[in-house]
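Hi there,

Here is the structure I promised to pass on.

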Amino acid sequence: MSTMERNKEITNTINELIAICAEGERGYKRASEQVEVQDFKTILYRLSQQRALFRGELENDLIKDFGEEAKGDDSILSKLHRGWLDFKAGLSGNDTKAVLDECIRGENHAIEKYTDALRGKLPAYLEEKVQEQLKMIKGTKSQLLEFESEITHS
């Protein structure tokens, strides 16, 4: 594979992760506006900020290392739009359980995409950053599952 082809593969992978983070950022912000439980509202808003940070880190690497701005091509925007529509459709009233279920679904999607990105698609220094972000996403999923258990048993 030529250097140009390799760089294209890397930038496509980074752009996909940026789209996942942007989707999570918007989704968590929207979710924080839908729930009435103040502690959960705060957690969701902070998760939105976390995903904005992840997105910013990846965008900086894309610009600094590859001289490219994040892309919003049709395939990424289509996926983002579908994810957003699924998220909105999953919300019913201000039902905390419905919001929580959608957040967990979103985390599963992010984990899948991040795991795929780590299959030899990135150079070591980017792989390390993506692994760290993935670790935090998995931690978020664990927290959401714990919260789900709490509201289910109360």
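A word on the model before anything else. This is a predicted model, in which local features need pLDDT of at least 70 and side-chain atom pairs count only at pLDDT 80 or more, while totals for chains, interfaces and linings use all residues. Residues are numbered from 1 along each chain as its sequence is written, and side-chain values use heavy atoms, with hydrogens and water left out.

**The chain as a whole**

The chain has five helices and zero strands, which gives the pattern α-α-α-α-α along the sequence. Helices here are DSSP runs of H or I with at least four residues, strands are runs of E with at least two, and both are numbered from the N terminus. Of the 154 residues, 40% count as buried. Buried means under 20% relative accessible area, exposed means over 50%, and partly exposed is in between, with a 1.4 Å probe and protein chains only. Contact means heavy atoms within 4.5 Å. Among contacts between residues at least 6 apart in sequence, 78% join residues at least 24 apart.

**How the helices pack**

Two packed helices are described by the angle between their axes and the distance between the axes. Axes are lines fitted to C-alpha atoms, for helices over the stretch in contact, and angles run from 0 to 180 degrees between N-to-C directions. Angles under 35 degrees count as roughly parallel, over 145 as roughly antiparallel, 65 to 115 as roughly perpendicular and the rest as oblique.

Let's start with α1 (residues 3-34) and α2 (residues 38-66). They pack at an angle of about 160°, with axes 8 Å apart, and are therefore roughly antiparallel. The crossing of α1 past α2 is left-handed, a term for a near helix turned anticlockwise from the far one by less than a right angle (right-handed if clockwise). Their contact has 16 nonpolar, six polar and seven charged residues. In this count Ala, Val, Leu, Ile, Met, Phe, Trp, Tyr, Cys and Pro are nonpolar, Asp, Glu, Lys and Arg are charged, and the others, Gly among them, are polar.

Next come α1 and α5 (residues 124-152), which pack at about 25° with their axes 13 Å apart. These two helices are therefore roughly parallel. From α1, the contact uses Ile10, Ile14, Leu17 and Tyr28; from α5, it uses Leu126, Val130, Thr140 and Leu144. Seven of these residues are nonpolar, one is polar and none is charged.

The axes of α2 and α5 come within 12 Å and cross at roughly 170°, which makes α2 roughly antiparallel to α5. Among the residues that meet here are Phe40, Arg51 and Leu58 in α2, and Met136, Ile137 and Phe147 in α5. By class, this contact has 12 nonpolar, three polar and five charged residues.

**The nonpolar cores**

A nonpolar core is a set of buried Ala, Val, Leu, Ile, Met, Phe, Trp, Tyr and Cys residues joined through side-chain atoms within 4.5 Å. The largest has 20 residues, of which Ile14, Leu58, Tyr114, Leu122 and Val130 touch the most other members. Two or more residues each come from α1, α2, α4 (96-117) and α5, and α1 gives the most, with six. Apart from this core lies another of 12 residues, including Tyr28, Leu44, Val99 and Phe147.

Leaving aside neighbours within four places in sequence, Leu122 is in contact with Arg6, Ile10, Thr13, Ile14, Ala117, Glu127 and Val130.

- Arg51 is in α2 and counts as buried, at 3% relative accessibility. Beyond its neighbours within four places in sequence, Arg51 contacts Cys21, Gly24, Glu25, Tyr28, Glu107, Ile137 and Thr140.
- Ile20 lies in α1 and is buried, with a relative accessible area of 11%. The C-alpha atoms of Ile20 and Ala110 are 6.3 Å apart, although 90 residues separate them along the chain.
- Asn108, in α4, counts as partly exposed at 34% relative accessibility. Its C-alpha atom is 7.8 Å from that of Lys141, 33 residues away along the chain.
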